[in-house]
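User: I would like to learn how to read a model with two chains. Please take me through it feature by feature.

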Amino acid sequence: MGNTTTLSDNPRVSNPANTNGSKSGLPPATSPKSDLMGLQSLRPDDHFHSYPEYFVERRHEECIRCLVCVRQCPYDCTYYDPDRDVVYNVHQNCVNCKRCVAMCPTHCIRIERFDSGFRDNGHWGTHLVRGLRKQADTGGVLLTGLGNDLPYPSYFDRIVLDASQVTNPSIDPLREPMELRTYLGRKPESYRPGSPGEVFPNILCEIPVLFAPMSFGAISYNFQHGLALAAQEMGTYFNTGEGGLHPDFRKFRDSVIVQVASGRFGVDPDYLLSSAACEIKIGQGAKPGIGGHLPGEKVNAEISRTRMIPVGTDALSPAPQHDIYSIEDLRLLIYAIKEATEYTRPVSVKIAAVHNTAAIVSGIVRAGADIVVIDGFRGGTGAAPMIIRDHVGIPVEVALAQADQRLREEGIRHQASIIAAGGIRNSADVVKAIALGADAVYIATSAMIAVGCTLCQQCHRGLCAWGITTNRPDLLPRLPADQAAGRLTGLLRGWQHEIQEMLGLMGLNSIESLRGNRLKLRGVGLTQLELQTLGIRQAGL
Amino acid sequence: MPTCPGTCGTGFSQFPSREKIMNSGSRTFPHASMINTSLSAPRGYPGGESQGEGEVPRRKSFVRSPYDEKDLSACGLIGFVNRDRRRESGERIIRAIANMHDRGNGLGGGFAAYGIYPERADLYALHVMYDDPHDAKQVEEYLKRQVVVEAAEEIPLFESRRFSDHPYFKRYFVDLRERLNGHDNEGDYLVDTVMHINVNFEHAFVMSSGKNMGTFKGVGFPEDLGEFFRLPEYEGYIWTGHSRFPTNSPGWWGGAHPFALLDWTIVHNGEISSYGINMRYVKMFGYECTLMTDTEVVAYLFDLLVRRHGLSFEDACKVLAPPFWKDIDVLEEEERFTLTHLRSVYASAALNGPFAFLLGFSGGIIGLNDRVKLRPLVVGRGGESVYLSSEEAAIRTICPEVEEIWAPVAGEPVIVLLESVGESRDGRGNQRQRPVLQGA
């Protein structure tokens, strides 16, 4: 559990984790705050929450006083005492982002979980106690970033793949063609060459992995630029999230899916047409049923320009789309976008995975969506109330399996492609999702990890030490766009090879023969009802 | 579109439950020697001498697999078309398949023959396999409600010690015209009827349901089965034969090839690795894969693509063994558009994994390999006949005077049509328009 801040109506936000960081990420090496051990705003009740979560251990005899750690820490956790010529830490400010560990030339820093937690308690976990104290302090909602981190079981981890032995030769992707090309969008039920038939716009993915919606604002300019370059290079797509498309990125129009969310930030006809596809965001796996919040202090000139809102104002997306209060309203918006784009773009609808996803997806497809995105409860976020992130929504595996099955039972599976999102961690998760019935997957957290994210869950604070989820001018250069693009391309290439290997060992040489092919999956340690829900069989049978 | 017969449950409904299988295995079967092979009703069958034993425990099921899993097998296959519609007895097909004895292991064989019922050519011939003569009654009651049964008879068998234990076979010649019940399409109506029997009557299985044709299949070496079914006494102008090497399911007569629907028959060598999705795809259109073998899905796919969606044989083959994207990308705009659409619209119909199959129908035979050719298929031409086989030797056995033999290119269909039906294709690739039998 990382540090959390609170969304409070009290401007004097009292969490030491961010009050101390309010100055800048670059405390001068000769900071005078050593007298107060960094705790300048110590108040009478601060002892309620001053238990550090992490402990920064530094072997002083190996420290060369280069002070890179002091300069790199945006959380004001590290400072230098020139009188004693020693680097100290304010442990309770540490979020375990590992930036100092990575940068230290002598590797003299080690970060450990602070061992003096509260008395062991199976019911009152330390993270709960911390949260309660923070809330009592501010009367606010606990905010956090990234995805649900509680130890719910993972269905992906209880599904294993089939392989060919004897009766069916495996196919070697180094020697034979192995096809991953996927077309996303509505297809006609039948197609007879030479006959006039309906042709629907589709988007072509050379690898069935797309970058999930991440808005400029939630992520840095450079990271979004890197996503765009990598998507273009690999023949896939990135997604603007609800943050609009920066003028500099309009040149990536063939590689971008533009989102229309409840705040409608940055939406105009040119935005819709600067895209390969348009997406209506109904919900997000990390926070089903609630809107978004980009704090005003993150809204700089560039974000203001992209989102079409004044500098410094909070960008608040309402919980529902205020013109969609029922399924027929969704149809109106889908067709409004189709009209605006003259039916040249597939329109996607993204929902969070919830209990009756199958029925909802069926309704969305009948409302005219060409692509449906199902975002599971492991999906990440730039900022969400922790209580919602951790307790609302269902795993994407079951939602996907049920939605695919429902569309088939209703004979309308061809009318829309399905993208599975929310917690896809590696190429095996991709293969399992596709075999369960997805056409493609979205990845975001995996992409962030590829460019340096250490899962410290501080995205909402705009102080990302790795330059991924911040647009602060001093932090932004930490992730150059070309470096991000190179690493993302590397990730996708690696997955491409692995997916090809997995297809080959199953005796398949194209991805469409895996899609919905649940006979390639078996469950391990699942109940009969879980197997049935996933539509897969028990391992050994 | 036919409605989906039976249940459309989620997930597991596609697999027969173990309980159902166990129950079917707990009853015994009256000894086969008690079955009268004449066309009069046998004992234990309505109109015949009653067994009078009530609910007899049954020993095993012939028509359903004892296993709750997909069947795997490798095989030999052979087929020929007399393009001039010359009818000949089943003697040569038996000799050809016997030549490939070692491609099977005696656990399955079968034949399809076209042109064998010329006197009743305008009636649909339903070949039905029952676990037990008792099982026929319910099915026949259902059939009488659905269709006009013009004639019903046992399929004549040559009883021998080799097949002392076998299912009960009947054939029905039926007319649909008066009973279409709102269906305007005879094919859809009959598909619904056949699917209903195969799904809902646990101890019955419709082997074939086309006009002027039939399939004969079972457990044993195919040459023995040919004799058992008295095939030398039939005369057809198209024959296909199959020798099976299954890796499980001994004693499962329903699992032998050919698989058939209407007049489509499939003999197949290979394993369709994409079966899991092909099966779910055809189910969307009302076809139930009841047999847990990947071969039946090929018959259903052809029925869907050709009969219902109106694709040409060539286009249907491009769906089943799609050209690689790298080859599509370099084509001219129009053909690239066509193939891209065929591949994306019918992505779930593509067959993946090793296969060579022969699709028989009233107008000819289509032979198709998977697109990397992981199973053998050769074609030979001799006189007015075209032969397709797993092995050249089998062709030379029955046609020593064969004029030309070639191996079709991976994924390129060999389309052998009767002279009266249309132009054939030789499957040699590149020259897509090259007729098989120029001047023949």
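This is a predicted model: local features need pLDDT of at least 70, side-chain atom pairs count only at pLDDT 80 or more; totals for chains, interfaces and linings use all residues.

User: What percentage of chain B is buried?

Analyst: Buried means under 20% relative accessible area, exposed over 50%, partly exposed in between (1.4 Å probe, protein chains only). Of the 440 residues in chain B, 65% are buried.

User: How do I read the interface of chain B and chain A? What area is buried there?

Analyst: Buried area is the accessible area (1.4 Å probe) that two parts lose on being put together, summed over both. Here that is about 4200 Å², and carbon and sulfur atoms give 56% of it. Contact means heavy atoms within 4.5 Å. By that rule, 50 residues of chain B touch 47 residues of chain A.

User: How many salt bridges cross the interface?

Analyst: A salt bridge is a side-chain nitrogen of Lys or Arg within 4 Å of a carboxyl oxygen of Asp or Glu. The rule finds 5 between chain B and chain A. Glu512(A) pairs with Arg343(B) in a salt bridge, with the closest N and O atoms 2.8 Å apart.

User: Which helix supplies the largest share of the side of chain B that touches chain A?

Analyst: Helices (H or I, at least four residues) and strands (E, at least two) are DSSP runs, numbered from the N terminus. Helices H6 (275-284), H9 (325-328) and H10 (333-345) of chain B each supply at least two residues of that side. H10(B) gives the largest share, 8 residues.

User: Where is Ser274(B)? Why does Ser274(B) count as buried?

Analyst: Ser274(B) sits in the loop between strand E12 (264-270) and H6 of chain B. Ser274(B) counts as buried because its relative accessibility is 0%. Leaving aside neighbours within four places in sequence, its contacts include Leu508(A), Ser513(A) and Asn517(A), as well as Ala350(B). A polar atom of the Ser274(B) side chain lies 2.9 Å from the backbone nitrogen of Asn352(B).

Technical notes:
Residues are numbered from 1 along each chain as its sequence is written. Chains are lettered from A and ligands numbered from 1 in the order in which they are written. Side-chain values use heavy atoms; hydrogens and water are left out. A polar contact is a pair of N or O atoms within 3.5 Å; within protein, one must be able to donate a hydrogen and the other to accept it, and residues adjacent in sequence count only if both atoms are side-chain atoms.
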